[in-house]
Amino acid sequence: MKKEITTHPPTTAESIKTIEKEPAFIGEDVKEEACSSIQQRGSGGFLIAFFNVTCVVAGTGTLGLPKAFAEGGWIGVLILMLSYGMAVYSGIVLIRCLYYKPGERLANFKAVGRAAFGKPGYGVSALLHFLNLFGCPALYLVLAAGNMKSLTAHANISLSHEVWVIIIGTFLLIPSLILKTLHEVTVVSSIGAVCTMIAVFIIMVESPMYYAQHPNEPVVRDAVIWSGFPSALATIAFSFGGNNTYPHVEHALKNPQQWSYALTAGLSTCTLLYIMTSVPAYFAFGANAQSPIYNSLPDGVGKTIAIVVMTIHVILAIPIYTTSFSLEFETSMRLDEGRLGKFGAWCARALVRTVTMCGLCIIAIATPFFDDFMGLLGAISNCGLVFLLPIICYLKLTGTKNKPWYELAFCALTIGMGLTGLVFGSIASITKLVRDFASNRPY
């Protein structure tokens, strides 16, 4: 009979046995090893963890939330708050899964999947993890190219979306070839978070101003649009993505007991930013709210600044994802200096990262519709990463009989939300993408 256990992170910062060797902070090389090793925890405090969570989660998802409300109605506020609570719970139990064996710690999201369900669990968690690492930069390329096309149109520079994708991809390939790892990830993430906050402030101010200046313009707002519920849920799930980085953020904490507080504070900050963007924008534009939302703003300085800062954000974020993706692939294929030599390892690394960037450019050119691409990525990848796998693995590793009924009910609700977003959100997003291509929708 399987023993039911309750797990919590250790109460001190002593060394613990790790099943897979893990980096001290996000973006560092992740080496998966079969043997156990003893590794000291990081020395970071509450503020560092809070800052990392906020930087990882808050981003381009903010730009799609008003459109999610336009598709689902004001019920989007309820979905957003429910998703917030579920994301907090999911992030807490994911870390508990790392410590399900006393005295040992799993290294990352994929290791949790393997511990819970063996090779199938590892395969599913790795698939969702890599979809996130590969899909997000492709989405960011779409947004950056569209923004550059919009910004340069005023200067009579008429380059196509495809050309801008190639220019940006080539430009961003350079740091990937020069840098082996991305130790500057925290600084880069912080710049991205600041850019997001600037864009949120502009949207929060300009949306009510537009509404006040156009009192006779009809605005359609709905309480509930059930047909748009899955699409709205998928976009909101995208906005709370970040679970696959949480094990690395938590490992950098000197006191792991602070994790739940840092996570809650970070996601609360992100949710506040989301409310500040989505509510005034949906109130002002209603069913006409676009994604990214700054496309709904009137031409002017505010709109231009919002486009510029979000372009900076995504351009800085793309190398984080591409380098993380490449590092994990290079590690799994043993493309290291010990095996290939210094020059051989660099050549292999250059080949992998060039092919990766070419693949991203092809996806960004082939799927240039930011809003529906975001919905598909949120449905397929983030619903699994946020709402499904952490909860299912937690129940499998720690059991169900030792948990109160209301916690099990909340787990069931979270899994139900995740399945709804995954299945119906994917169907809705694919249907929209097919319609986009069939109608030659402009982009």
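**Close-up views of a predicted model**

**View 1. Packing of helix 2 against helix 7.** Helix 2 (residues 61–72) packs with helix 7 at an angle of about 160°, the two axes lying 8 Å apart; helices here (H or I, at least four residues) and strands (E, at least two) are DSSP runs numbered from the N terminus. This is a predicted model, in which local features need pLDDT of at least 70 and side-chain atom pairs count only at pLDDT 80 or more, while totals for chains, interfaces and linings use all residues. Residues are numbered from 1 along each chain as its sequence is written, and side-chain values use heavy atoms, with hydrogens and water left out. Each axis is a line fitted to C-alpha atoms, for helices over the stretch in contact, and angles run from 0 to 180 degrees between N-to-C directions. Helix 2 and helix 7 are therefore roughly antiparallel to each other, given that angles under 35 degrees count as roughly parallel, over 145 as roughly antiparallel, 65 to 115 as roughly perpendicular and the rest as oblique. Helix 2 passes helix 7 in a left-handed crossing, a term used if the near helix is turned anticlockwise from the far one by less than a right angle, with right-handed used if clockwise.

**View 2. Crossing of helix 1 and helix 9.** The axes of helix 1 (residues 46–57) and helix 9 cross at roughly 40° and come within 8 Å. Helix 1 and helix 9 are therefore oblique to each other, and their crossing is right-handed.

**View 3. The aromatic pair of Tyr210 and Phe285.** A search of the whole structure finds 12 aromatic pairs, where rings of Phe, Tyr and Trp (its six-membered ring) pair if their centres lie within 6.5 Å, and planes under 30 degrees apart count as stacked, over 60 as edge-to-face and the rest as tilted. One of them joins Tyr210 and Phe285, whose ring centres are 5.2 Å apart with the planes at 35°, so this pair is tilted. Because Tyr210 lies in helix 6 (residues 185–213) and Phe285 in helix 9 (residues 259–285), the pair ties together parts that are 75 residues apart in sequence. Tyr210 is buried, with a relative accessible area of 15%, and Phe285, at 6% relative accessibility, counts as buried too; buried means under 20% relative accessible area, exposed over 50%, and partly exposed in between (1.4 Å probe, protein chains only).

**View 4. The aromatic pair of Phe240 and Tyr274.** Phe240 and Tyr274 form an edge-to-face aromatic pair, 5.5 Å from centre to centre and with 85° between the planes. This pair links distant parts of the chain, 34 residues apart, with Phe240 in the loop between helix 7 (229–239) and helix 8 (246–251) and Tyr274 in helix 9. Phe240 counts as buried at 0% relative accessibility, and Tyr274 likewise counts as buried at 0%.

**View 5. An aromatic cluster, and charges over rings.** Phe69, Trp74 and Tyr282 form one aromatic cluster. The charged end of Arg221 sits over the ring of Phe283, 4.0 Å from its centre, where a charge sits over a ring if NZ of Lys or CZ of Arg is within 6 Å of the ring centre and within 35 degrees of the ring normal. Lys396 lies over the face of Phe117, at 5.6 Å from the ring centre.

**View 6. The peptide bond between Ser291 and Pro292.** Most residues other than glycine have a negative phi, and most peptide bonds are trans. Ser291 and Pro292, however, are joined by a cis peptide bond, with omega about 0°. Pro292 has its place in the loop between helix 9 and helix 10 (301–332).

View 7. Ala193, found in helix 6, counts as buried at 4% relative accessibility. Ala193 and His313 are 120 residues apart in sequence, and their C-alpha atoms are 7.7 Å apart in space. Ala199 is also found in helix 6 and is buried, with a relative accessible area of 2%; its C-alpha atom is separated by 7.7 Å from that of Ile305, 106 residues away along the chain. Val249 lies in helix 8 and, at 3% relative accessibility, counts as buried. The C-alpha atoms of Val249 and Ile48 are separated by 8.8 Å, although these residues are 201 residues apart along the chain.
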